[in-house]
Amino acid sequence: MRKADVFEFYRRLAEINPEPRGELEWTNPYTLLVAVALSAQATDVSVNRATRKLVALADTPDKMLSLGEEGIREHIKTVG
């Protein structure tokens, strides 16, 4: 495929949907990173279900560290 064709493809997508949103729920770049890392193992729906409570408690790296491994594991065990 030619580079011009690729650009045209993305131009058309942007025209149709200028502000696309994925299904993952997130509130800041850190919580998006957590959701994306977990989504590699599961569906977006199950990740959203697991991360809602997790990011309510830990929406920054420091807060996540304070939960400890077991605390994090408890919140994401449904992801797999």
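Analyst: A salt bridge here is a side-chain nitrogen of Lys or Arg within 4 Å of a carboxyl oxygen of Asp or Glu, and in this predicted model Glu8, Arg11, Arg12 and Glu15 are linked in a network of such bridges. Because the model is predicted, local features need pLDDT of at least 70 and side-chain atom pairs count only at pLDDT 80 or more, whereas totals for chains, interfaces and linings use all residues. Residues are numbered from 1 along each chain as its sequence is written, and side-chain values use heavy atoms, with hydrogens and water left out.

User: Which residues form a salt bridge with Arg11, and how far apart are the closest N and O atoms?

Analyst: Arg11 pairs with Glu8, with the closest N and O atoms 2.7 Å apart, and Arg11 also pairs with Glu15, where the corresponding separation is 2.9 Å.

User: Where do Arg11 and Glu8 lie, and what separates them?

Analyst: Helices are DSSP runs (H or I, at least four residues), numbered from the N terminus. Arg11 and Glu8 are three residues apart in helix 1 (residues 3–16), so about one helical turn separates them; Arg11 and Glu15, also both in helix 1, are four residues apart, again about one turn.

User: Are Glu15 and Thr31 buried or exposed?

Analyst: Relative accessible area decides this, with buried meaning under 20%, exposed over 50% and partly exposed in between (1.4 Å probe, protein chains only). Glu15 is exposed because its relative accessible area is 58%, while Arg11 at 41% counts as partly exposed, and so does Glu8 at 28%. Thr31, by contrast, is buried, with a relative accessible area of 2%.

User: Where does Thr31 lie, and which residues is Thr31 in contact with once its neighbours within four places in sequence are left aside?

Analyst: Contact means heavy atoms within 4.5 Å. Thr31 lies in helix 2 (residues 29–39), and, with those sequence neighbours set aside, Thr31 is in contact with Trp26, Val55 and Asp59.

User: How many salt bridges does the structure hold, and where do Glu70 and Arg73 lie?

Analyst: The structure holds nine salt bridges, including one in which the side chains of Glu70 and Arg73 meet at 3.8 Å, N to O. Glu70 and Arg73 both lie in helix 4 (residues 61–76), three residues apart, which is about one turn of the helix. Glu70 is exposed, with a relative accessible area of 55%, whereas Arg73, at 42%, counts as partly exposed.

Methods: Helices (H or I, at least four residues) and strands (E, at least two) are DSSP runs, numbered from the N terminus.
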